[in-house]
Amino acid sequence: MTTFDIINPATEELIRSIELVDVEATDDAIAKAVVAQKRWAATAPASRAQVLRSFARIVANHNEELAQIEVANAGHPIGQARWEAQNVANVLEYYAAAPERLIGEQIPVEGGVNVTFHEAVGVVGIITPWNFPMPIAAWGFAPALAAGCAVVLKPAEWTPLTAIRIAELALEAGLPENLLTVLPGKGSVVGNRFVTHPDVRKVVFTGSTATGKTIMRGCAEQVKTLTLELGGKNANIVFADSDLEKAAAAAPAGVFDNAGQDCCSRSRILVEKSVYEKFMELFEPAVKAFQVGDPANDDTEMGPLVAKAHLDKVTGYVDDESLVAFRGSAPSGPGFWFPPTVLTPERTHRTVHEEIFGPVVTVLPFEDEADALALANDTEYGLSGSIWTRDIGRALRVSRGVEAGNLSVNSHSSVRYSTPFGGFKQSGLGREQGPDAPLAFTETKNVFFAQ
Ligand code: NAD
């Protein structure tokens, strides 16, 4: 039996060792899920809705417990972790309405009528990253269960603890056994088995673009349905006509929330040349005031990075001190700490193009609207971004011009469970969340009835 040590990233203490699931145990879980799914899909929609509501309630009632687990496991600030646990409850509640709303159509044609059915795809394999373990899992499993699917879920190796607890709560809420099975294990073992196993009919993957490409190649072998939520290198575009004080005050949270370990992190700030100096004057104190420290404290805004290996990766990007404009603070001593760091490199530098996935932001000046758009789109990614301006025409033009799936104007808000979320270009394939998400877990069947 192989085990994996789960480490608290703020203290470097061992939380516990987890037994890693192997291929045989994965196959066993999938076989049980196949049986459970058939029963679940045949259960009355109103009864499925009731179970999901009860699941939502029980998660809400365990908010503090789940949040504390995430503080220890992922180093998330407690306020943020409470929000994440509540998001799981909200998403379950939102999709509890879906079983009774998966409505087909009847289409009259010559000689009869066509009726369309939205049938659950079957067993869904969900593979999640370590950065937002709870919400990302729920954005997959809640609409999948609502659509009548069973779920096998592989959390990231570093952060499996909340998913394990949520699956226990699902059973307490009355979700039938084997409908939501959490399988902690290696990507190359459990995750890969979801891709190769013929009874897993859909894979939902959130993680790096490199792994997403491997999974996409694997799914091609069986023409398996796939949703990909991948990396981002998102632009925060600040125009001279914006409320500069607001833009500068909001910019640190836009990039340093979750220690920058956020696919939607606004990690490239683009500032119109005429206000560049002024923006930097306002931005510097805001970065220095960003509260980095013990994630268990209520006023902490940023905790440690998730693991030593990730700290080493982020550190490797800041190897040229001449590019550092200024830094925020970070604790010393045990823990995987890295201070908020602001770089002013050339446009071609790798820190402007590669996803660092840490608290590092580049700031570049731009000439005009066309230059801003060219810079914003000069990336293989297309996930999110922000536009700061008081000109509504410009807000509309630029938001239509940026090649990304989720934009916000005069805000850094990216994700709301009631709106569709996903990426353009190499940031992904398909959409999660929003009212249509359950449909992505169904096959549409058309039946012709002759008159
Ligand atoms: P990762 O690709 O290394 O791993 C993600 C998951 O895939 C893990 O559970 C891992 O075990 C598994 N995995 C690894 N190799 C696999 C394989 N060969 N087959 C099947 N599964 C495999 O990503 P990460 O480092 O955990 O997460 C960070 C990345 O996730 C960043 O690029 C970030 O932008 C992205 N992300 C995207 C979104 C989004 O919604 N677009 C959200 C969060 C994170």
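# Notebook: a predicted chain and its ligand

**Confidence.** I began with the scores: the protein chain has a mean pLDDT of 98, and 100% of its residues reach 70 or more. I noted that pLDDT is the predictor's confidence in each residue, from 0 to 100. For the complex, the predictor gives an ipTM of 0.96 and a pTM of 0.98. This is a predicted model, in which local features need pLDDT of at least 70 and side-chain atom pairs count only at pLDDT 80 or more, while totals for chains, interfaces and linings use all residues. Residues are numbered from 1 along each chain as its sequence is written.

Next I looked up the UniProt record. Its unreviewed entry places the feature "domain: Aldehyde dehydrogenase" at residues 3-447. UniProt positions are given in the numbering used here, feature names are shortened, and annotations may be inferred rather than shown by experiment. I found that the chain over residues 3-447 is 39% helix and 20% strand. The end C-alpha atoms of that stretch are 50 Å apart. My helices (H or I, at least four residues) and strands (E, at least two) are DSSP runs, numbered from the N terminus.

**Around the ligand.** How many residues surround the ligand? I found 30, and the closest are Pro 129, Gly 187, Gly 191, Gly 207 and Glu 229. A residue is near a molecule or strand if its C-beta atom, placed from the backbone, lies within 6 Å of it. Helix 7 (187-196) and helix 8 (209-220) each supply at least two residues of this shell. The largest share, 4 residues, comes from helix 7. I then sorted the shell by residue type and got 10 nonpolar, 16 polar and 4 charged. In this sorting Ala, Val, Leu, Ile, Met, Phe, Trp, Tyr, Cys and Pro count as nonpolar, Asp, Glu, Lys and Arg as charged, and the others, Gly among them, as polar.

**Glu 229.** I went back to one of the closest residues, Glu 229. UniProt lists Glu 229 for "active site" in an unreviewed entry. I located Glu 229 in strand 9 (residues 225-229). Is Glu 229 buried or exposed? Glu 229 counts as buried, because it has 27 C-beta neighbours inside 10 Å. The cut-offs are these: a residue is buried if 20 or more other C-beta atoms lie within 10 Å of its own, exposed if 12 or fewer, and partly exposed in between, with C-beta atoms placed from the backbone.

**Arg 193.** I also checked Arg 193, which has its place in helix 7. Arg 193 counts as buried because of its 24 C-beta neighbours inside 10 Å. Then I looked along the chain to Pro 435, 242 residues from Arg 193, and found their C-alpha atoms separated by 30 Å.

I turned to the strands. Strands of a sheet pair through backbone hydrogen bonds, either parallel or antiparallel. (Axes are lines fitted to C-alpha atoms, for helices over the stretch in contact, and angles run from 0 to 180 degrees between N-to-C directions.) Strand 4 (residues 112-120) pairs with strand 18 in the antiparallel sense over 9 bridges. Two strands pair if DSSP finds at least two bridges between them. I picked out Ala 120, which stands opposite Thr 442 in strand 18.

**Strand 5.** In strand 5 (residues 123-127), 5 of its 5 residues are buried. Val 123, Gly 125 and Ile 127 point one way, and Val 124 and Ile 126 the other way. Strand 5 pairs with strand 6 (residues 150-154) in the parallel sense over 5 bridges. In strand 6, Leu 153 is the bridge partner of Ile 126.

**Two asparagines in loops.** I found Asn 178 in the loop between helix 6 (161-172) and strand 7 (180-182). Its phi is near 70 degrees, a positive value in a residue other than glycine. Asn 178 counts as buried, with 23 C-beta neighbours inside 10 Å. Asn 258 is in the loop between helix 9 (244-256) and strand 11 (268-272). The phi of Asn 258 is near 55 degrees, again a positive value. Asn 258 is buried, with 26 other C-beta atoms within 10 Å.

**Arg 327.** My last stop was Arg 327, in strand 12 (residues 324-327). Arg 327 is partly exposed because 18 other C-beta atoms lie within 10 Å. Arg 327 and Phe 338 are 11 residues apart in sequence and 9.8 Å apart in space, C-alpha to C-alpha.
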